[in-house]
Amino acid sequence: MARPKQALLTRERIVAAAGALVDAEGLAALSVRRLATELGVRGPSLYNHFPTKADIVDAVVDAVIATIDLSVFQRHEWPEALRRWATEYHSALAQHPNIVPVLAQGPGRRPAGLAMAEAVFGALVDAGWPPARATHIGALMRYLVTGSALGSFALGFDIDPELYDRYPHLHNAPRLAAHQRAVDEGAFELGLDLLINGLKTEMGSRR
């Protein structure tokens with residue numbers, strides 16, 4: 001029998017299947033055995049492409065980061081570039097919230113993650129920020145984006161109104177869930193506005 005023209009298994013196919021599984025069921029659901037079953041292959045065949053499960057997870061995370069447009073740092077001044085990048089980054093994580101715990105640990109050795117860190121840091125230094133301050137800003141941006149994607153503030157309160165009888169300022173908390181998107185997105189946008197405007201003020205005081 002002639003060999004198939006295309007390999008049964010590729011890195012791209014593994015990453016796509018793993019990403020779909022993580023999106024649907026979370027990181028805990030991902031195992032080499034489960035992934036092999038999803039792909040219709042034997043588990044050991046995955047190790048021809050990825051040495052460990054951790055490498056698969058890294059590849060899934062990096063595939064998401066690779067979708068973020070970093071050219072904004074060449075096309076816009078640093079405040080607008082930061083705003084556009086952070087907004088797109090936030091949107092990407094909103095679509096793939098289950099990878100956020102891995103992202104929160106930093107770029108590690110992931111190529112797309114390191115390229116993103118290079119783009120952000122480089123743009124800030126090129127704009128005149130001292131390297132130490134640029135590092136602080138990059139860290140702060142990551143805290144805002146990943147922190148906003150770790151969970152929903154609006155869904156963090158119980159819907160039982162009697163629970164808040166002892167907390168008079170929280171009597172409307174049960175209503176937050178019905179306005180989740182407005183609350184959570186509004187909080188992110190407010191934080192981003194305050195952060196960038198504050199940085200612009202600081203940069204102005206340095207000149």
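I count Ala, Val, Leu, Ile, Met, Phe, Trp, Tyr, Cys and Pro as nonpolar, Asp, Glu, Lys and Arg as charged, and the others, Gly among them, as polar.

The model is predicted: local features need pLDDT of at least 70, side-chain atom pairs count only at pLDDT 80 or more, and totals for chains, interfaces and linings use all residues. Numbering runs from 1 along each chain as its sequence is written, and side-chain values use heavy atoms, without hydrogens and water.

**Second largest pocket.** I looked up pockets on a 1 Å grid over the protein atoms alone (open sets of points where a 1.4 Å probe fits, with protein on both sides within 12 Å along at least five of seven lines; lining residues have an atom within 4 Å of a point). The lining has 13 residues. Ala-94, Ser-148, Gln-180, Asp-184 and Glu-185 lie nearest the centre. By class I find five nonpolar, five polar and three charged. Helix 10 gives the largest share, four residues. I take helices as DSSP runs (H or I, at least four residues), numbered from the N terminus.

**Largest pocket.** Here 17 residues form the lining, with Pro-107, Ala-117, Gly-138, Ala-139 and Arg-142 nearest the centre. Helix 6 (78–95), helix 8 (111–126) and helix 9 (131–150) each give two or more residues. I note 11 nonpolar, four polar and two charged residues.

**Helix 8.** I checked the buried residues (under 20% relative accessible area, 1.4 Å probe, protein chains only). Among them are Ala-112, Met-116, Val-120 and Leu-124. The buried residues pack against helix 4 (53–65), helix 5 (72–75), helix 6 and helix 9, with contact meaning heavy atoms within 4.5 Å. Gly-128 follows helix 8, with a positive phi near 115°.

Notes. Buried < 20%, exposed > 50% of the residue type's maximum accessible area, 1.4 Å probe, protein only.
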